[in-house]
Amino acid sequence: MMRAVLPQMRLQQSGHIVNVSSVAGFVARGSAGYDGATKFAIEALSEALAEEVASRDIRVTIVEPGPFRKDFAGRSLRLPANPMTWQYPGTAILAEHFKKISGRQEDDSRKAAEAILRSVESNFSPLRLPLGEKGDCADRRKARKCPRRPCCLAGSRSKNSILG
């Protein structure tokens, strides 16, 4: 998608690209290596692109959502038919955790969408936009510093919360 829209953004000398990552983009966990690898790649690609296009007034934001109600832990989750639980006990624990939380995540996807739109429409949009109860800025800043731009607009549930 970026490859398709960047030529026009370069011509018009403006635009905003929003990529969606997750906590897995900076904290890899056992039994979720592929997910972590793809999210790390999104983070790296977005960081590099932000630097490359900044002079053309093209902005890049990486949305880093916490556990929102979505289908990830439900019917979209594919587990092996014959799991090797004795070799990889963490996988069974993680799968059980996903079953328990599926459809019960506390954060509101509608509020997240509104926060993303506010970020894109604002004059100040962060490179990273952590969202949700578990998307706390302070924790993410400790895990990974953001040297060029502030990490987020506000802490998730503080009085200045972007989620409101």
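**Exercise 1.** State whether Ser 22 is buried or exposed in this predicted model, and list its contacts.

*Solution.* Step 1: buried means under 20% relative accessible area, exposed over 50%, and partly exposed in between (1.4 Å probe, protein chains only). Step 2: Ser 22 has a relative accessible area of 14%, so Ser 22 is buried. Step 3: Ser 22 sits in the loop between strand 1 (15-20) and helix 2; helices (H or I, at least four residues) and strands (E, at least two) are DSSP runs, numbered from the N terminus. Step 4: with residues up to four places away in sequence not counted, Ser 22 touches Lys 39, Glu 43, Val 63, Glu 64 and Pro 65, where contact means heavy atoms within 4.5 Å.

Residues are numbered from 1 along each chain as its sequence is written. Because the model is predicted, local features need pLDDT of at least 70, side-chain atom pairs count only at pLDDT 80 or more, and totals for chains, interfaces and linings use all residues; side-chain values use heavy atoms, with hydrogens and water left out.

**Exercise 2.** Identify the elements that each supply at least two residues of the largest nonpolar core.

*Solution.* Step 1: a nonpolar core is a set of buried Ala, Val, Leu, Ile, Met, Phe, Trp, Tyr and Cys residues joined through side-chain atoms within 4.5 Å. Step 2: the largest one has eleven residues, including Met 2, Ile 17, Val 53, Ile 62 and Leu 127. Step 3: helix 1 (2-12), helix 2 (33-53) and strand 2 (58-65) each supply at least two residues of this core.
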